[in-house]
Amino acid sequence: MHPRLPLLLLAAMMLTPASAVAADIPGLVRQEDRLAAIAWRLTTGSAHWCPQTVPQPGWILGDQRRFDKRERPAAKLAFATGGEGPFIAAIAPGSPADHAGLARGTGIAAIDGQPIPTLGDGPTVRIDAVQVMLAAREPAAPLIVTDDGGRRYALAPSPGCASGFRVERSGPQAAANGKLVRVTLRLAASVVADDELAAVVAHELAHNILRHPSELAGQRSVARVRATELEADRLSVWLLADAGYDPRAAIRFWERHEKPLIRAATHPPRRERIATIAAEIEAMAAARAADPAAGPPLVAALAPLE
Ligand SMILES: [Zn+2]
């Protein structure tokens, strides 16, 4: 046996883009499972003080179009889906989608008999369309999901803070755009403890709840960007606590990640973030000692929605 053959084989595999890229699809399935469970807990646990709630079924949606054509056979296998349309990529245990009998891989054809509109051929337009359909409904109103085989599922969604969630294979490590929280596969896989990943997701969800993306779209004051980072850190404490996570997980995350996620002048130093989070944990405990139903002051200070 030629001793160098395995190395050559490995090199050949690494030069095959399709197999190399598709190799991370099972990892994507695992991390979207974690994200679905975390997002479900965070959005529904804080529904009583979130300024805007939507029906949260407890799922993360996927679409074949998110994958290169060469990757689609591997994606279909990993997500256990057979159709060509949007499908359920992950379901939070104990969520309404779980109770309705929906499962990973179920193709979604219609909501309450309304077909999912096809607006363009972008990788996520059909997922976004389902989100828009859901957001237009009463947060707790029952609905019927029809799968791509015509089977109907009765779903009783829970009201939850308004946001979608997705694991991406490229782009910024964690981001919020007002409607969606995204974390990369690399970041999610690197954060082993669920409560620490929840801290990252809670920070991004906090940006959406506090409407930072739309506020910052119009101006780029470095001071204000830094302030929004600390505000998101502070609100993440309340989100974590109300989801049943230890809010100190946010401190553990920052202590563990010595190299900052984002090395930019716009982002506060790690030590300042940890001190801010610790102070907010104490403030929350004091507020809740006086009034167990106390909500976060940052949300109370928000201007009312039009
Ligand atoms: Zn941030």
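At what angle do H11 and helix H12 (residues 270-290) pack, and how far apart are their axes? The angle is about 170°, and the axes lie 9 Å apart. Angles over 145 degrees count as roughly antiparallel, so H11 and H12 are roughly antiparallel to each other. This is a predicted model.

**Helix packing around H11**

From H11, the residues Ala250, Ile251, Trp254 and Glu255 take part in the contact with H12. Their counterparts in H12 are Arg270, Arg273, Ile274, Ile277 and Ala278. By class, this contact of H11 with H12 has six nonpolar, no polar and three charged residues.

H11 (residues 249-256) also packs with helix H8 (residues 194-209). Here the angle is about 90°, with the axes 8 Å apart. H8 and H11 are therefore roughly perpendicular to each other. H8 contributes Asp195, Glu196, Ala198, Ala199 and Val200 to the contact. H11 contributes Ala249, Ala250, Arg252 and Phe253. The contact of H8 with H11 divides into six nonpolar, no polar and three charged residues. Ala250 is named in the contact with H8 and again in the contact with H12.

| Helix pair | Angle | Axis distance |
|---|---|---|
| H8 and H11 | about 90° | 8 Å |
| H11 and H12 | about 170° | 9 Å |

**Strands E4, E5 and E6**

Strand E4 (residues 108-111) pairs with strand E6 (residues 143-147) in the antiparallel sense, over three bridges. E4 also pairs with strand E5 (residues 114-115), again in the antiparallel sense, over two bridges. Ile111 takes part in both pairings: its bridge partner in E6 is Val145, and Gln114 stands opposite Ile111 in E5. E4 and E5 form a hairpin with two residues between them. In that turn, Asp112 has a positive phi of about 50°.

**The buried side of H4**

Which residues of helix H4 (residues 72-79) are buried? They are Ala75, Ala78 and Phe79. These residues cover an arc of only 85° around the axis, which puts them on the same side of H4. An α-helix has 3.6 residues a turn, so residues three or four places apart point the same way. The buried residues of H4 pack against helix H3 (25-45), strand E2 (59-63) and strand E3 (86-91). Just after H4, Ala80 takes a positive phi of about 55°.

Technical notes: Residues are numbered from 1 along each chain as its sequence is written. This is a predicted model: local features need pLDDT of at least 70, side-chain atom pairs count only at pLDDT 80 or more; totals for chains, interfaces and linings use all residues. Axes are lines fitted to C-alpha atoms, for helices over the stretch in contact, and angles run from 0 to 180 degrees between N-to-C directions. Helices (H or I, at least four residues) and strands (E, at least two) are DSSP runs, numbered from the N terminus. Angles under 35 degrees count as roughly parallel, over 145 as roughly antiparallel, 65 to 115 as roughly perpendicular and the rest as oblique. Two residues are in contact if their C-beta atoms, placed from the backbone, lie within 7 Å. Ala, Val, Leu, Ile, Met, Phe, Trp, Tyr, Cys and Pro count as nonpolar, Asp, Glu, Lys and Arg as charged, and the others, Gly among them, as polar. Two strands pair if DSSP finds at least two bridges between them. A residue is buried if 20 or more other C-beta atoms lie within 10 Å of its own, exposed if 12 or fewer, and partly exposed in between; C-beta atoms are placed from the backbone. The arc is that of the directions from the helix axis to the C-beta atoms.
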